Amino acid sequence: MKSTFDGKIAVVTGGTSGIGYAVTEEMLKRGATVYAIGSRNESIEKARKSLAAYKNSRFLVADVTVADDVKRMIDTAVAGSGRLDYLFNNAGIGMTHPTRYLTLDMWKKIIDLNLWGVIYGIHFALPVMLEQGSGHIVNTSSIAGIIAPPAQAAYCATKYAVTGMTEALRYEFAADNIAFTTVCPANVATAIFAGTEIPKDAIPADEAARIILDGVEKKEALIIFPEYAKMLYERLSADPALKDRFMLEYARRRKAGWERGVPYLGVPDDLL
Ligand SMILES: NC(=O)c1ccc[n+]([C@@H]2O[C@H](COP(=O)([O-])OP(=O)(O)OC[C@H]3O[C@@H](n4cnc5c(N)ncnc54)[C@H](OP(=O)(O)O)[C@@H]3O)[C@@H](O)[C@H]2O)c1
């Protein structure tokens, strides 16, 4: 059976590593032409080599924190392929750090990449999609864009913004045939955990990519995965008292971990 993505044109920011790389490869397998974006030549060259078997793979260096780079990225895809069917605003960094020790530079860095990078992508892709009368923008938020873990205030500030913005856009542009999806992963084994231990419950990036594309195909509003993250979100949303107990214990464990120099990477699911 022909895939929904067959013959389609996609741009994937952060397409050189982790979830974005896996989405790029899965889209290529399903017949799309994909422009994989990274900010560094080295990561682009590495991805180019490992995806060389796919003749519809394209690569571009662009820093999504720079508006002109994002404009060039969209213009290049449209000039090369005549249209843009999918934009995955996926590039992003993590940050788990007690808020009292965050510098303003740390706040600025994460907001520039995780939020402004997404805003620029939407700003330059929307006119193209409106003009062609269709399109789908998929923004990577996080489980921390719907549940707010302690010591992740800066990360949550960006990811809640992405979740809210995407939901508002989904309804604003429904009548224009432009779809919007928010992706909320919990732990996926990628370079985002460089320097710390990969959590034991992390799923592989290629599994994440298949879950994401199955949801995108159905034009789902919110793709929350893996299953335990969805269950956690539903349990905490349904029971405010449980959520309070859970979050207070989470904060206590994270603080204790920071003080001992052994970061607490789990969640207090023994309270559920
Ligand atoms: N992994 C998880 O457990 C997890 C959980 C929830 C949400 N997420 C979200 O998923 C997204 C992808 O994360 P990941 O885990 O796949 O991370 P990753 O493996 O570290 O990949 C990050 C990607 O972003 C690119 N990038 C970084 N800065 C950029 C910039 N300024 N301009 C353009 N590209 C840039 C990197 O390429 P260069 O090195 O070339 O710049 C790389 O391709 C992020 O938004 C993250 O917040 C991840």
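1. The model under discussion is a predicted one.

2. The buried residues in H4 are Ile110, Leu113, Asn114, Gly117, Val118, Tyr120, Gly121, Phe124, Ala125 and Met129.

3. H4 covers residues 104-132, which makes 29 residues. At 1.5 Å a residue the helix should span 42 Å, and its end C-alpha atoms lie 41 Å apart, so the two values agree. Just after the helix comes glycine 133, with a positive phi of about 80 degrees.

4. Next, the nonpolar core. The largest one holds 62 residues, and the members that touch the most others are Ala10, Val11 and Val23. What does valine 11 contact, once its neighbours within four places in sequence are left aside? The partners are Tyr35, Ile37, Met73, Ile74, Ala77, Leu84, Leu87 and Phe88.

5. The ligand is surrounded by 28 residues, and the closest are Gly14, Gly18, Gly38, Ser39 and Gly92. Two elements give two or more residues to this shell: helix H1 (18-29) and strand S2 (33-38). H1 gives the most, with 3 residues. Sorted by class, the shell has 17 polar, 9 nonpolar and 2 charged residues.

6. Some backbone geometry deserves a check. Most residues other than glycine have a negative phi, and most peptide bonds are trans. Alanine 151 has a positive phi, near 65 degrees, and is not a glycine. This alanine sits in the loop between S5 and H5. Is alanine 151 buried or exposed? Alanine 151 counts as buried because 23 C-beta neighbours lie inside 10 Å, and the cut-off for buried is 20 or more.

7. Asparagine 177 also has a positive phi, near 65 degrees, in a residue other than glycine. Asparagine 177 is placed in the loop between H5 and S6. With 13 other C-beta atoms within 10 Å, this asparagine is partly exposed, because a residue counts as exposed at 12 or fewer and as buried at 20 or more.

8. Last, a cis peptide bond: the one from phenylalanine 225 to proline 226, with omega near -10 degrees. Proline 226 is in the loop between strand S9 (222-225) and helix H7 (227-238).

Key. Residues are numbered from 1 along each chain as its sequence is written. This is a predicted model: local features need pLDDT of at least 70, side-chain atom pairs count only at pLDDT 80 or more; totals for chains, interfaces and linings use all residues. A residue is near a molecule or strand if its C-beta atom, placed from the backbone, lies within 6 Å of it. Helices (H or I, at least four residues) and strands (E, at least two) are DSSP runs, numbered from the N terminus. Ala, Val, Leu, Ile, Met, Phe, Trp, Tyr, Cys and Pro count as nonpolar, Asp, Glu, Lys and Arg as charged, and the others, Gly among them, as polar. A nonpolar core is a set of buried Ala, Val, Leu, Ile, Met, Phe, Trp, Tyr and Cys residues joined through C-beta atoms within 7 Å. Two residues are in contact if their C-beta atoms, placed from the backbone, lie within 7 Å. The expected span of a helix is 1.5 Å times one less than its number of residues.
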